[in-house]
Structure formats: structure tokens, C-alpha cells
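Here is a friendly walk through one protein model, from a helix to its sheets. Have the sequence and the 3D view open as you read.

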Amino acid sequence: MKAVVAFFIGLLFTTNLLVAQNVDRSKPPAPEAPRNLVVPKLESFTLKNGVKVFYLQKMGVPHVSIMLRSNGGTANDPEDKVGLATAMATLMRDGAGSRNALELSDEIDYLGIMLQSYASADEVSVGLFTPVSRLDAALDLMRDVALKPRFEAAEWERRQRESLVALAQAHDEARIIANSAFNQLVYGKNHPFARRSTEASLKKITLADIQAFYRQTVTAANSTFLVVGEVSKAIIKAKLEARFGLWKGGALKKVAIPDPPKTTGRTIYMIDKPGAAQTELRFGSAGVKRSTPDYFAITVMNTILGGSFSSRLNQNIRETHGFAYGANSGFSFPRSVGHFIASSAVQTDVTDKAVTEFVKELTNIRSVKDDEVTRARNYEALGYPENFGTVSAIAANVSEKITHNLPDDYFSAYVPNILGVTKAQIERAAQQYVNPDNMVVVMVGDFSKIRAGVEALNLGTIKVLTKEDVLGAIPVLK
């Protein structure tokens, strides 16, 4: 018997050895062809009070994501009270219903859920992520945060001081200075995407202002729900009706966000940060709307330029020259026109060399190779299903679909659309949307060490800004 077993073990070993010897290891195996993504259909229904609910059932994962979205965010801040929407959204989570801030936080931790309130440019949101087993208790807390915020004076005083401290700290954060300057220079200083809170604007905001903004914004007529997770439509409708069915009033708010002006010419803006070991670099311009038919070509083009680890920018700046830990690029797609940006934080002593390489890559992207196109298309197509790996990720993608009114078949058609992008479309998109001759260039670093090298490049007019020009005066903290 032992001899028989030994014979078969030897035969198995020999067979495996022969198979292994026949494997061609001179090149990597061909990747599996990207598969189309199948996402459950997005449905909708309306509560008795008229509030619309978008619903997508995701079985197999016992969690639910619920988002309450109200039109009107930071874009609706009064000019002299920038920060009002953010203050209101933050305070909604600092005590609600019968619980003060600490009690509410303790209850959230006890349930093991996530409950947040926040403001973007065009909406105020209350987001809940909960296990199905805690859905009832979690929805009770969500109702209180959305409909019964306490807006206590002591909490506003604490949050106001925290905001002032953050403003003071921003003056020493080169990354924040660079991003703020870039937004102001691309959009205009008074644009909703560029405005920043100041000491004066924060101190003008009163508790009465916060309460009034809440009453105008978080209303039944101005809000919708998005529900994704392992819960039936009938059950979630009943649960929402029980908690939000009596919520009425308000009016639909229209948020008008102007498009940024077209970026013309190339101007270099330098902001001094003495002693900085790195220079924060930003290159960019006004972008394009999400509805553009060039969206998929732009996506693949940017993957080649700076949207992946193997992109041209990262391979050049990080791998070839070792100027920085990384470099990237991307397009923003808000409801209005966004921007294009390429960025990195490079060593101070190679700032001029890094700028030269950035300009080179931003220019050369107008011509791409066939293998780059194939690699970039596969990168986007094969990685796309990861965006639907969790309930929260699905909710984020569905939210984008709703925001931009994307087609019903958008998710299922995404991979074919990406794989259908041609080399000619990529080069045309680069020619149209990435033009280094018409860009804002921001540099935040040690002025005494980088200016001479940058001036010698003769890339355009150089203008000097101070941190106070960008962020305002450092707040006086008492």
C-alpha cells in the first residue's frame, strides 16, 4: 500500500514539474479582459410629505447608508460671514434632541455607527452608516440631528475658537497656502470655491445667524434622501415615514455657482515660506463641466499624465529624478465648471528643475503611445468595480450620479465607454484641456533659495504674494 501511495505522489510531482517547466515566464501573463459592472437599479419613491427618496438595495452586506441632502451650502454664505454653512452643519452634530454633544457622541460610539453632518459648496448633508441590526436606534439619532439640533451657545463658542486656531495654524501649512492661493487665482477670490473664513467673518457669525440658515436650508421642500444597503424598499419607507413623515415646510433653494473665468497666459505666483525644506507646486487652469462628452477621454488622458502611480508625472518626478515622494494631476467636477490641477511638493534645491519637468510633461501629453493608451484604459476599467466594493462606496457613486443627472445605464456602460476611448480622442482632450501656456503656477517655498532658479527659466511673469494676501491676517487668539 505504501508503495502505491509513493507511486502516485511521485507521478503527481513529476506532472506538476513538467507543467511548471512549460510555463513561459519571460513575460507577465495577459490580464483578464475587463468585465462589465452590473449594479442594481436605482429606484425612487416619495414620502407622504413630498420628500423624494432615492433607493438602491445591496444584499449580502448587512449595512445601510442613508444620506439626507439639502440644497444650499457654502456658496450661500453671506460675503461678510463666510463659514456660516460650515458652522451650522458642524453644530448640528454638537447636541440634538434630548442629548448634548457629549451624550450624542457617546451614543453614536455605543451603537457602532457613523453619523456626520457637513457642508459642501452646494448642499448640507447628514450622513448615516449603520449595521442593519442598529438601524432603528441609528435612525432615531439621525432624525434628531437633522430635525432637532440644539445649537447651544457654549458649543458655538468652542467651535468658533477651534476655527480661529485652525486659521492661525494654516499660516504655517504650505500645502494649505498653496491650495488656497491656487483656488483664488483660478476662480477669483470671491468665488464660492475660493472664499475662506477669516477672523472677521467668523466673529460676525452669531447663533441667531446659524439658526436662521438652518431654518432656510434644512427643510422638507429643499431635501432628498439617498438610501443604499440591505434593507427592503417597504421597510425603509415605513421607517423614514415614522421619523420624517411630519416634517414639512420650506422652499426649494437654487444654488447658482458661477463658472471660473478662462485661464489665459502663464503667470507664476510665489509665496515666501522661509526655511521650507520643500516647495509646494501647483499648475492648473479652469476646467470643464462633468457633462462634457469628453469625460471618458479626459479620464484616460489624465491616467496617463498623473492619475496613477505609473503616470508620466509620477515616474518623472519621483522615480527618474527623485525630486519628491510623488506627483499627480486631476480634474475636479463639481456641479458647475471645475478645474485642472497638477501638483507636488518637491525638494527646495531642485525647484527649478522640477518646474521644468512639469512643463515638459504638461506639454508632451499631447502625444501618447499605443501601449500607454492600452495600459491606462485597462487601469481604469479593471479598477472601476472597486468603487462598488462597500455600501458607502456605492452610496458615494450613486450620489454623484444623482448630482450630475447621469444616464440610468451610466454604471453598466462605464467600462465599455472607457475601453472605447481612442488615441486620437486622448490627444485631442489633452490639446483642449491641458495647455501649459495658459495656466496658473503657484509656488510656496523659501523665496531666497528658489527665486533665482525660477526666474532663469523665463516661463512667464512672476508675481509675489504674501501668506496674508491669501489667508488674511493671523487671528489674534486670547
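Which are the buried residues of α13?

## Before we start

This is a predicted model, in which local features need pLDDT of at least 70 and side-chain atom pairs count only at pLDDT 80 or more, while totals for chains, interfaces and linings use all residues. Residues are numbered from 1 along each chain as its sequence is written, and side-chain values use heavy atoms, leaving out hydrogens and water.

## Helix α13 and its covered side

The buried residues of α13 are E372, V373, A376, E380 and A381; buried means under 20% relative accessible area, with exposed over 50% and partly exposed in between (1.4 Å probe, protein chains only). They cover an arc of only 150 degrees around the axis, which puts them on the same side of α13. That arc is taken from the directions from the helix axis to the C-beta atoms. An α-helix has 3.6 residues a turn, so residues three or four places apart point the same way.

What covers these buried residues includes α10 (295-305), α11 (312-320), α15 (410-419) and α16 (423-433). Helices (H or I, at least four residues) and strands (E, at least two) are DSSP runs, numbered from the N terminus.

Strand β11 (residues 439-445) is mostly covered, with seven of its seven residues buried. On one side sit M439, V441, M443 and G445, and on the other V440, V442 and V444.

β11 pairs with β7 in the parallel sense over seven bridges, and with β8 in the antiparallel sense over five bridges. Two strands count as paired if DSSP finds at least two bridges between them. V442 of β11 stands opposite Y269, and V442 is also the bridge partner of R282.

## Lysine 273 in the loop

K273 lies in the loop between β7 (266-272) and β8 (278-286). Is this residue buried or exposed? K273 is buried, with a relative accessible area of 15%. It touches D172, A174, V444, G445 and D446, not counting residues up to four places away in sequence; contact means heavy atoms within 4.5 Å.

The side chains of K273 and D172 are joined by a polar contact of 3.5 Å. A polar contact is a pair of N or O atoms within 3.5 Å; within protein, one must be able to donate a hydrogen and the other to accept it, and residues adjacent in sequence count only if both atoms are side-chain atoms.

## The six-stranded sheet

An open sheet of six strands has the order β1-β2-β6-β3-β5-β4, with mixed pairing. Its edge strands, each pairing on one side only, are β1 (43-46) and β4 (114-119).
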